[in-house]
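Colleague: I would like to go through the labels on this model and the criteria behind them. Please put the structure up.

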Amino acid sequence: MACQKCDVMPTGAFKSAGEDYSLFIKLKNHEFLKLTDEPAGTISYGLNVSYYQCSNCGQNWVHEQPDGNYRGLWGSFE
(Lines give C-alpha, C1' and ligand atoms only; values in the text may rest on other atoms or scores of the structure.)
Protein backbone atom coordinates (compact mmCIF):
# COMPACT_ATOMS: atom_id res chain seq x y z
CA MET A 1 0.00 0.00 0.00
CA ALA A 2 1.30 3.42 -0.94
CA CYS A 3 2.22 5.97 1.68
CA GLN A 4 1.39 9.67 1.47
CA LYS A 5 4.90 10.42 0.26
CA CYS A 6 4.58 8.35 -2.94
CA ASP A 7 0.86 8.82 -3.63
CA VAL A 8 1.53 11.41 -6.35
CA MET A 9 -1.51 10.69 -8.55
CA PRO A 10 -4.26 8.07 -9.00
CA THR A 11 -3.15 4.83 -10.59
CA GLY A 12 -4.38 3.75 -14.00
CA ALA A 13 -4.37 4.97 -17.58
CA PHE A 14 -3.83 8.65 -18.28
CA LYS A 15 -6.87 10.56 -19.47
CA SER A 16 -4.78 13.11 -21.34
CA ALA A 17 -1.24 13.95 -22.38
CA GLY A 18 -1.37 16.66 -19.71
CA GLU A 19 -1.70 14.04 -16.97
CA ASP A 20 1.42 12.27 -18.21
CA TYR A 21 3.32 15.55 -18.34
CA SER A 22 2.11 16.50 -14.85
CA LEU A 23 3.39 13.17 -13.52
CA PHE A 24 6.71 13.66 -15.31
CA ILE A 25 7.15 17.02 -13.56
CA LYS A 26 6.22 15.54 -10.15
CA LEU A 27 8.69 12.67 -10.56
CA LYS A 28 11.55 14.92 -11.58
CA ASN A 29 13.75 15.21 -8.48
CA HIS A 30 11.00 13.70 -6.26
CA GLU A 31 12.18 13.45 -2.67
CA PHE A 32 11.02 9.84 -2.14
CA LEU A 33 10.34 8.24 -5.55
CA LYS A 34 13.69 7.17 -7.00
CA LEU A 35 14.39 5.57 -10.38
CA THR A 36 15.25 1.88 -10.20
CA ASP A 37 16.39 -0.73 -12.69
CA GLU A 38 13.89 -2.69 -14.73
CA PRO A 39 12.76 -5.67 -12.64
CA ALA A 40 14.15 -9.05 -13.69
CA GLY A 41 11.81 -10.99 -15.92
CA THR A 42 9.97 -7.92 -17.20
CA ILE A 43 8.72 -8.24 -20.75
CA SER A 44 9.41 -5.20 -22.91
CA TYR A 45 6.80 -4.13 -25.44
CA GLY A 46 8.88 -1.33 -26.92
CA LEU A 47 7.32 1.36 -24.73
CA ASN A 48 9.18 4.06 -22.85
CA VAL A 49 8.86 2.72 -19.30
CA SER A 50 10.43 3.94 -16.05
CA TYR A 51 10.43 2.14 -12.70
CA TYR A 52 10.47 3.84 -9.31
CA GLN A 53 10.66 2.82 -5.68
CA CYS A 54 9.53 4.86 -2.70
CA SER A 55 12.38 5.28 -0.23
CA ASN A 56 9.84 5.78 2.58
CA CYS A 57 7.58 2.69 2.24
CA GLY A 58 9.35 0.56 -0.40
CA GLN A 59 6.39 0.49 -2.82
CA ASN A 60 7.37 -0.10 -6.47
CA TRP A 61 5.85 2.00 -9.26
CA VAL A 62 5.83 1.95 -13.04
CA HIS A 63 5.38 4.90 -15.42
CA GLU A 64 4.51 3.91 -18.98
CA GLN A 65 4.58 6.93 -21.25
CA PRO A 66 1.92 7.33 -23.96
CA ASP A 67 2.76 6.04 -27.43
CA GLY A 68 0.40 6.54 -30.35
CA ASN A 69 -3.05 5.26 -29.38
CA TYR A 70 -1.73 3.85 -26.09
CA ARG A 71 -2.56 6.34 -23.32
CA GLY A 72 0.20 5.24 -20.93
CA LEU A 73 -0.25 4.63 -17.21
CA TRP A 74 0.97 5.08 -13.68
CA GLY A 75 0.66 2.08 -11.40
CA SER A 76 2.10 0.12 -8.53
CA PHE A 77 3.47 -3.41 -8.78
CA GLU A 78 4.89 -6.12 -6.55
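Colleague: In which strand is Leu 33 found?

Modeller: Leu 33 is found in strand 2. Strands here are DSSP runs (E, at least two residues) and helices likewise (H or I, at least four), numbered from the N terminus. This is a predicted model, where local features need pLDDT of at least 70, side-chain atom pairs count only at pLDDT 80 or more, and totals for chains, interfaces and linings use all residues. Residues are numbered from 1 along each chain as its sequence is written, and side-chain values use heavy atoms, without hydrogens and water.

Colleague: Why is Leu 33 called buried?

Modeller: Its relative accessible area is 2%; buried means under 20%, exposed over 50%, and partly exposed in between (1.4 Å probe, protein chains only). Leu 33 is therefore buried.

Colleague: Which residues is Leu 33 in contact with, leaving aside neighbours within four places in sequence?

Modeller: Among them are Cys 6, Val 8, Leu 27, Trp 61 and Trp 74, where contact means heavy atoms within 4.5 Å.

Colleague: What makes strand 2 an edge strand?

Modeller: The open sheet has 5 strands in the order 1-5-4-3-2, with antiparallel pairing. Strand 2 (33-36) and strand 1 (12-13) each pair on one side only. Two strands pair if DSSP finds at least two bridges between them; strand 1 and strand 5 (residues 73-77) have 2 bridges.

Colleague: Why does Phe 24 count as partly exposed?

Modeller: Phe 24 lies in helix 1. Its relative accessibility is 39%, so Phe 24 counts as partly exposed.
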